[in-house]
Amino acid sequence: MPTVSVIIPTYNRPRELREALTALTKQFFQDFEVIILNNNGDRLESVIADFNGQLAITYVDLPENHHVRARNHGVSLATGRYILLHDDDDLLLPSHIEEVVGDLEAGADLSYADAELFTYDWQQDHRVVRTTEPFAYPYDREGMKEDSTYIPSGSIYRKSLHEELGLFDEEVFNYWDWDWILRVGQDHLVLHPARATVLYAFNPSGNHESAKQDASRRVYFDRLVEKHELPTTDMKNFHIVQEERRSRLRETRRTFSGHLTESE
């Protein structure tokens, strides 16, 4: 059995997924499986085939586009004792899995790293970085009730947490990750080391799901607020939080070279 199960839900982003999988082949720590959940998008067999012999991949086509349900399905298939969450358009630097596994081996129940927020342009079949800046704030559970600074992509936790806490809450949909970090932090050890080893893709002006702050999200946000009795009524994405909190950025280890793939 692998130590880690990497769970990647995806929907019609084959080029980004290919880059994410390429980054996984470069991890120093290789004792992991990859579970790809295709959320009723175009089939991905041609992408998966390119990694035969390099990654242990389980590929599932799902009948609907529901990213939280997809992650829960991935958890049900996972055979590793640790779960690592991964968005299809983000990338992990080579040391990432090795270091977060070390965090759990040292006693943490969940560990998540700082991130490099990057904007990009497409150049033929790959992305070229335009700008980058750290998203790096200390973990504080009480502060997390006001603004979520938890980026789930790249975070790792003990699979046994699901036995205690249940699966991800599908009823809060867009805010499943905020809900999860609050639930875990209630009685378990959350570690947030100052290492920017996650590359988080986001173009504020582009067609990006997390850029949308609309009425459909408000329904799920209100459910989250009620569930955790949060003291906030403001919906924010990471760029809004960054604008408001930038003066409180912490020092973090930054090793990103600016190149997403060797093809650049």
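This is a predicted model: local features need pLDDT of at least 70, side-chain atom pairs count only at pLDDT 80 or more; totals for chains, interfaces and linings use all residues.
1. Two packed helices are described by the angle between their axes and the distance between the axes.

2. The residues that make this contact can be listed from each side. From α7 come Trp178, Asp179, Leu182 and Arg183. From α8 come Phe221, Leu224, Lys227 and His228. By class, the contact of α7 with α8 holds 4 nonpolar residues, 1 polar residue and 3 charged residues.

3. How much of α7 is buried? Of its 12 residues, 10 are buried, so α7 is largely enclosed by the rest of the structure. The buried set in α7 runs through Trp176, Asp177, Trp178, Asp179, Trp180, Ile181, Leu182, Arg183, Val184 and Gly185. Trp178, Asp179, Leu182 and Arg183, named above for meeting α8, are among these buried residues.

4. Two residues deserve a check of their backbone. Most residues other than glycine have a negative phi. Phe173, in the loop between α6 (161-165) and α7, has a positive phi, near 35°. Glu229, in the loop between α8 and α9 (238-245), also is not a glycine and has a positive phi of about 50°.

5. Are these two residues buried or exposed? Phe173 has a relative accessibility of 17% and therefore counts as buried, the cut-off being under 20%. Glu229 has a relative accessible area of 70% and is exposed, since exposed means over 50%.

6. Rolling a probe the size of a water molecule over the atoms shows where empty space is left. The largest cavity has a volume of about 40 Å³.

7. Which residues line the largest cavity? The lining consists of Tyr112, Ala113, Asp114, Ala115, Phe135, Ala136, Tyr137, Thr149, Ile151 and His192. Divided by class, the lining has 7 nonpolar residues, 2 polar residues and 1 charged residue. Asp114 is one of the lining residues, and Asp counts as charged.

Terms used. Residues are numbered from 1 along each chain as its sequence is written. Side-chain values use heavy atoms; hydrogens and water are left out. Contact means heavy atoms within 4.5 Å. Helices (H or I, at least four residues) and strands (E, at least two) are DSSP runs, numbered from the N terminus. Buried means under 20% relative accessible area, exposed over 50%, partly exposed in between (1.4 Å probe, protein chains only). On a 1 Å grid over the protein atoms alone, a cavity is a set of points where a 1.4 Å probe fits but cannot get out, and a pocket is an open set with protein on both sides within 12 Å along at least five of seven lines; lining residues have an atom within 4 Å of a point. Grid points are joined across faces, edges and corners, and a volume is the space filled by probe spheres set on the points.
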